[in-house]
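User: I am new to this structure and would like to understand how its descriptions are reached. Could you take me through them, setting each value beside its definition?

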Amino acid sequence: MNYFDYAASTPLHSEAALVYTKLSESCYGNTSSLHEVGAMAQNMLAHCRGEFADMLRVESAGIYFTAGGTESNLLSILSLAKANKHKGNHIITTLGEHPSVDSALEYLREDGFTITKIPFTQDGFVNLDLFKKAITDTTILVSVQHINPEIGTIQPLKEISKIVKEHDILLHSDCIQSFGKVDLQSVANLVDSLTISAHKVYGPKGVGMAYIDPKHRIVPVFPGLVHESRFRGGTVNVPGIAAFTTAAKMSQHNKELFTTFRNAFSDKIKPFSELFTMYNCDDKDKQLPQIVGLRVHHVEGQLMMLELNRRGYAISTGSACQVGQQTSSKAMMALQIEPQEAKEFIRISFGNTTTLESVRALADCLIQVRQQFHRTTATIESI
């Protein structure tokens with residue numbers, strides 16, 4: 001199988017797997033236990049916390065390890081909102097956020113908060129004019145994903161940060177798709193909180209991290225929690241966190257290589273513009289090259305994905321956390337694409353096993369499949 005779904009999940013790196021296995025055998029204590037075995041686990045946890053603090057150039061006191069990106073988003077948003085409810089009850093986000101962000105905001109809506117969702121411009125960026133107009137005296141929190149996982153656009157967090165700081169509003173950013181792919185040190189200093197996930201960077205599943213600036217008061221979402229400074233419950237997964245740390249330190253920003261792959265794919269399908277719409281940004285520095293979002297005209301993405309799978313290519317129809325639901329791609333909704341056209345969306349993403357040859361072969365197969373659907377449809381209509 002030729003794997004082109006790295007934006008959904010990545011294979012575990014061999015060195016990260018080795019760390020996980022070794023520590024599962026030798027560092028198995030509960031970090032809350034007061035005996036020597038527990039102290040060993042606590043020391044390893046503190047070491048990993050320091051490593052991530054160095055990678056992001058933030059204070060280690062703001063690093064909280066979680067069970068994944070979803071939990072990181074949920075706990076960060078809920079905690080910050082509840083801690084600042086005395087200042088207001090309005091939150092601004094975008095139409096293109098990850099389902100975990102939507103879930104947290106829906107929970108807060110039921111708790112009396114009001115939510116405003118901003119669409120994208122036609123280039124895939126937050127509409128800043130509408131964003132500014134949405135700010136009110138009761139706005140306390142903004143949540144904007146750093147890189148869209150379906151079309152790869154990099155949101156203007158610097159501009160957004162400047163706007164919210166002028167109004168004393170907190171800024172949360174889901175950086176799960178950007179960590180390990182772009183330098184997050186500058187972003188970490190723009191936001192009040194951010195989240196990342198291990199399995200997007202060749203680490204183990206079920207491990208994530210949230211950073212919340214230590215100057216902010218953390219409100220436990222659920223009473224009685226004791227782990228990670230009362231931020232969450234559940235025994236801390238020290239071997240998984242150590243493996244995550246190992247994978248994160250080995251991540252490389254292969255922008256030039258992935259740009260070559262993207263250009264090769266684009267060159268293949270460009271002569272068939274009547275069959276495909278590829279969501280490219282004019283400014284190449286504002287789009288992650290390894291994520292290719294496109295619409296296959298008049299063929300639903302689910303059908304195209306299944307046909308390519310049958311031919312040995314693994315792609316997706318958008319965020320893996322919403323596959324199987326009868327909803328359109330979040331990015332297509334944010335771009336305000338017509339519902340039927342939005343269902344024609346597919347996503348291709350590159351990773352460490354991708355080759356130029358496989359990219360070109362995928363593009364050829366995609367063209368062949370689309371032309372085959374056209375011929376089949378034409379035959380049926382002539383009968």
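**Salt bridges, a helix face and the cores**

Analyst: A salt bridge joins the side chains of Glu 51 and Lys 249, with N and O 3.4 Å apart. This is a predicted model, in which local features need pLDDT of at least 70 and side-chain atom pairs count only at pLDDT 80 or more, while totals for chains, interfaces and linings use all residues. Residues are numbered from 1 along each chain as its sequence is written, and side-chain values use heavy atoms, with hydrogens and water left out.

User: Why is the meeting of Glu 51 and Lys 249 called a salt bridge?

Analyst: The term asks for a side-chain nitrogen of Lys or Arg within 4 Å of a carboxyl oxygen of Asp or Glu, and the N to O value for Glu 51 and Lys 249 is 3.4 Å. Glu 51 lies in helix H2 and Lys 249 in helix H9 (residues 238-250), so the pair ties together parts that are 198 residues apart in sequence. Helices here are DSSP runs (H or I, at least four residues), as are strands (E, at least two), numbered from the N terminus.

User: What makes Glu 51 count as buried?

Analyst: Buried means under 20% relative accessible area, exposed means over 50%, and partly exposed lies in between (1.4 Å probe, protein chains only). Glu 51 has 17%, and is therefore buried.

User: How do you know whether Glu 341 and Arg 295, which also meet in a salt bridge, are buried or exposed?

Analyst: Their side chains meet at 4.0 Å, N to O. The pair links distant parts of the chain, with Glu 341 in helix H13 (residues 339-342) and Arg 295 in strand E10 (residues 291-296), 46 residues apart. At 32% relative accessibility Glu 341 counts as partly exposed, whereas Arg 295, at 11%, is buried.

User: What separates Arg 109 and Glu 106 in helix H4?

Analyst: They are 3 residues apart in helix H4 (residues 99-110), and therefore about one helical turn lies between them. Arg 109 forms a salt bridge with Glu 106, the closest N and O atoms being 3.2 Å apart. Arg 109 is partly exposed at 37% relative accessibility, and Glu 106 is partly exposed at 36%.

User: Why are the buried residues of H6 said to line one face of the helix?

Analyst: In helix H6 (residues 157-166), the buried residues are Leu 157, Ile 160, Ser 161, Ile 163 and Val 164. Seen down the axis of H6, they fall within an arc of 165°, so they line one face; the arc is that of the directions from the helix axis to the C-beta atoms. On the other side of H6, Lys 158, Lys 162, Lys 165 and Glu 166 are exposed.

User: Which residues have the most contacts inside the largest nonpolar core?

Analyst: Met 209 and Phe 244 do, in a core of 53 residues. Such a core is a set of buried Ala, Val, Leu, Ile, Met, Phe, Trp, Tyr and Cys residues joined through side-chain atoms within 4.5 Å. Helix H2 (residues 36-56) gives the most to this core, with 6 residues. A second, separate core of 28 residues includes Val 292, Val 296, Leu 362 and Phe 373.

User: How do you know that the radius of gyration of the chain agrees with that of a compact globule?

Analyst: The globule rule is 2.2 Å times the number of residues to the power 0.38, and the radius of gyration is taken over C-alpha atoms. With 383 residues, a compact globule would have a radius near 21 Å; the chain has 22 Å, and therefore agrees.
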